[in-house]
Amino acid sequence: MSAAVDRNRQIALAKLFGDRGLPLPRGITSVCSAHPLVIEATLRRAARQSDVVLIEATCNQVNQEGGYTGMTPADFRAFIERIAASVGFPAARIILGGDHLGPNPWRKLSADDAMARAEAMVTAYVEAGFEKLHLDTSMGCAGEPVALANELTAARAARLARAAEEATRRSGRRPPVYIIGTEVPPPGGATHALDELEVTRREAAVRTLDVHREAFTQAGVGSALERVIAIVVQPGVEFGNANVALYKPERAQELISALDEMNGLLFEAHSTDYQPADLLASLVDGGFSILKVGPGLTFALREALYGLDAIADTLSGGKEARGLATTMEEIMLGKPGHWAGHYGGTADEQRLQRHFSYSDRIRYYWPDARAAGAVDNLLAQLPDEIPETLISQHLARLYPDVVEKRLAPKARDLCLAAIDAALAPYATATAPR
C-alpha cells in the first residue's frame with residue numbers, strides 16, 4: 001500500500017466511521033442485501049470480530065415508494081435494527097448506506113419528474129439516519145441518451161446532495177458522507193458474457209472529481225465536498241450471468257496513481273462478488289477500500305437452500321412432489337419482470353440462469369409469500385440434525401466444519417454458514433495486517 005493510499009484511507013474511513021471510537025480497518029465490506037438471513041450472518045460475523053458493519057440498500061430495493069422490498073428507508077432501518085437486537089449486536093456499530101441513489105427507479109419518466117422523486121428519496125434516506133450516500137445520476141431518463149455527459153451527471157448529483165444537506169439541517173442528523181462517480185457498473189452485475197473489461201482511465205477519474213467539485217460549488221453545497229470520501233470507478237472487476245472477470249492488479253496501476261491527486265479520497269469497488277480473497281486484498285491495497293458485495297451472498301444462500309432441498313428429497317424417498325426449486329420456477333415464470341430483460345438464450349438456457357446465474361436475480365423473489373412458505377416448509381421437513389453423509393453429498397463446502405463439530409448439522413445453521421463462508425474472503429481482505 002502506497003503512502004498516498006494509506007493517508008487517504010485514514011482520512012476517508014475516519015469520516016465514514018464518525019465518532020464510534022473503534023480502530024480503523026484497512027477497508028470495509030459494504031453488504032448490499034435485504035435478505036434477513038444475509039443480514040443476520042453479516043451481524044453475527046461482525047459481532048465475533050467486534051467490527052463496525054456497513055449495510056446498504058439500493059434505490060430499487062428501498063425508496064420512499066417502497067421499492068421491490070416494500071420498505072421505505074425508515075422501514076429498512078427498523079428491519080436491520082430488529083435483526084441486530086435479536087442477535088445482540090449494538091445498533092451503534094451499524095452504518096447504513098444508500099446505493100445508486102438517483103433517478104434509476106423512475107428513468108422511464110421525464111428527467112424533471114424522475115429527479116424530483118430522486119430528491120424525495122435522498123431526503124427520506126437522510127431522515128431515516130443513513131450516513132453514506134452513493135449519488136448515481138449517470139443514467140438517462142425518458143428521451144435522453146442511455147449514458148449522460150459528465151457535466152450533467154455531476155449537476156444532478158449536486159442537486160441530490162443539496163436535497164440531502166437540507167434534510168440534514170432540518171432533521172438534525174449527522175451529515176452524511178458521499179460517494180460519487182460516473183463510471184458505475186450496472187446494479188446487480190452485467191447481463192452479457194464478459195471478456196476483458198476496460199479499466200477506468202486515470203484522467204477520467206480525475207475529471208470526475210473536478211466536474212463534481214465545480215457542480216457542488218455552483219449548487220451552493222461546496223461544504224459537502226469535504227464529506228465526499230470515495231469515487232466509483234471500474235478497476236476491471238465484474239460478474240455476468242455465467243462468468244466472473246477477475247481483478248488484475250497490473251492493469252489498474254495507472255488508475256490507482258490518480259489517488260496521489262485526490263487527498264483524502266478512496267475508490268469504491270462495485271460488483272466484487274465472487275472475487276477470491278487474495279484479489280480482494282489486492283483491491284484494498286490499491287485504495288479500493290470499500291468493497292461492495294450483494295448477489296454473491298444470496299447466491300451462497302440459494303446454494304444452501306437447494307442443497308437442503310435435495311437432502312429433503314433424498315430423505316423422503318422422492319415422495320415430496322413439490323420441492324423448493326419447483327416452486328421458485330413457478331413464481332419466476334408467473335412474474336418474469338425481475339429476470340426477463342436480463343437472461344437470454346434458449347428456453348433451457350434461461351431456465352438455468354433463473355436458478356443458477358451469478359447475477360442471482362432469483363433474490364428478488366425470496367420476499368414473495370409463496371417463496372417464504374416454500375422455504376418454511378422445506379426447513380420443517382428436515383430432521384433436527386441432518387446426516388453428515390448427506391451434507392457431504394449436497395453441501396460439501398460446509399462438510400469439514402460439520403464433521404469437525406464447528407458447525408451444527410441443522411438446516412438454519414447451515415444456511416447462515418454458507419453466507420458466512422461468502423463473507424469470509426472480505427473479512428480477510430479488509431482486516432488490519
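**Close-up views of a predicted model**

**View 1. Ala149, a loop residue.** Ala149 comes out as partly exposed because its relative accessibility is 47% (buried is under 20% relative accessible area, exposed is over 50% and partly exposed is in between, with a 1.4 Å probe and protein chains only). Look for Ala149 in the loop that runs between strand 4 (132-135) and helix 5 (150-171); helices (H or I, at least four residues) and strands (E, at least two) are DSSP runs, numbered from the N terminus. Met139 sits 10 residues from Ala149 in sequence, and their C-alpha atoms are 9.6 Å apart. A note for every view: this is a predicted model, so local features need pLDDT of at least 70 and side-chain atom pairs count only at pLDDT 80 or more, while totals for chains, interfaces and linings use all residues. Residues are numbered from 1 along each chain as its sequence is written, and side-chain values use heavy atoms, with hydrogens and water left out.

**View 2. The second largest pocket.** This one holds about 710 Å³ of space. On a 1 Å grid over the protein atoms alone, a pocket is an open set of points where a 1.4 Å probe fits, with protein on both sides within 12 Å along at least five of seven lines, and lining residues have an atom within 4 Å of a point. Grid points are joined across faces, edges and corners, and the volume is the space filled by probe spheres set on them. The lining has 31 residues, with Ala417, Ala418, Asp420, Ala421 and Ala422 nearest the centre. Helix 2 (36-49), helix 9 (295-315) and helix 15 (411-430) each put in at least two lining residues, and helix 15 gives the most, with nine. Sorted by class, the lining has 19 nonpolar, three polar and nine charged residues.

**View 3. The nonpolar cores.** The largest core takes in 119 residues, and Phe76, Leu133, Met262, Leu308 and Met328 have the most contacts inside it. Helix 15 gives the most to this core, with 10 residues. A nonpolar core here is a set of buried Ala, Val, Leu, Ile, Met, Phe, Trp, Tyr and Cys residues joined through side-chain atoms within 4.5 Å. A second, separate core of 15 residues includes Ala12, Val177, Val232 and Leu266. Zooming in on Leu133, and skipping neighbours within four places in sequence, its contacts (heavy atoms within 4.5 Å) include Gly98, Leu101, Val122, Tyr125 and Ile179.

View 4. The whole structure has 32 salt bridges, each a side-chain nitrogen of Lys or Arg within 4 Å of a carboxyl oxygen of Asp or Glu. Asp6 and Arg9 pair up at 2.8 Å, N to O. They are about one helical turn apart because they sit three residues from each other in helix 1 (residues 3-17). Asp6 is partly exposed at 32%, whereas Arg9 is buried at 8%. In helix 4 (residues 111-127), Arg117 and Asp113 are four residues apart, again about one turn, and their closest N and O atoms are 3.3 Å apart. Both partners are partly exposed, Arg117 at 28% and Asp113 at 31%.

**View 5. A salt bridge between distant parts of the chain.** Arg397 and Glu303 form a salt bridge with closest N and O atoms 3.1 Å apart. The partners are 94 residues apart, with Arg397 in the loop between helix 13 (388-394) and helix 14 (399-403) and Glu303 in helix 9. Arg397 is exposed at 68%, while Glu303 is partly exposed at 28%.

Methods
Nonpolar A, V, L, I, M, F, W, Y, C, P; charged D, E, K, R; others polar.
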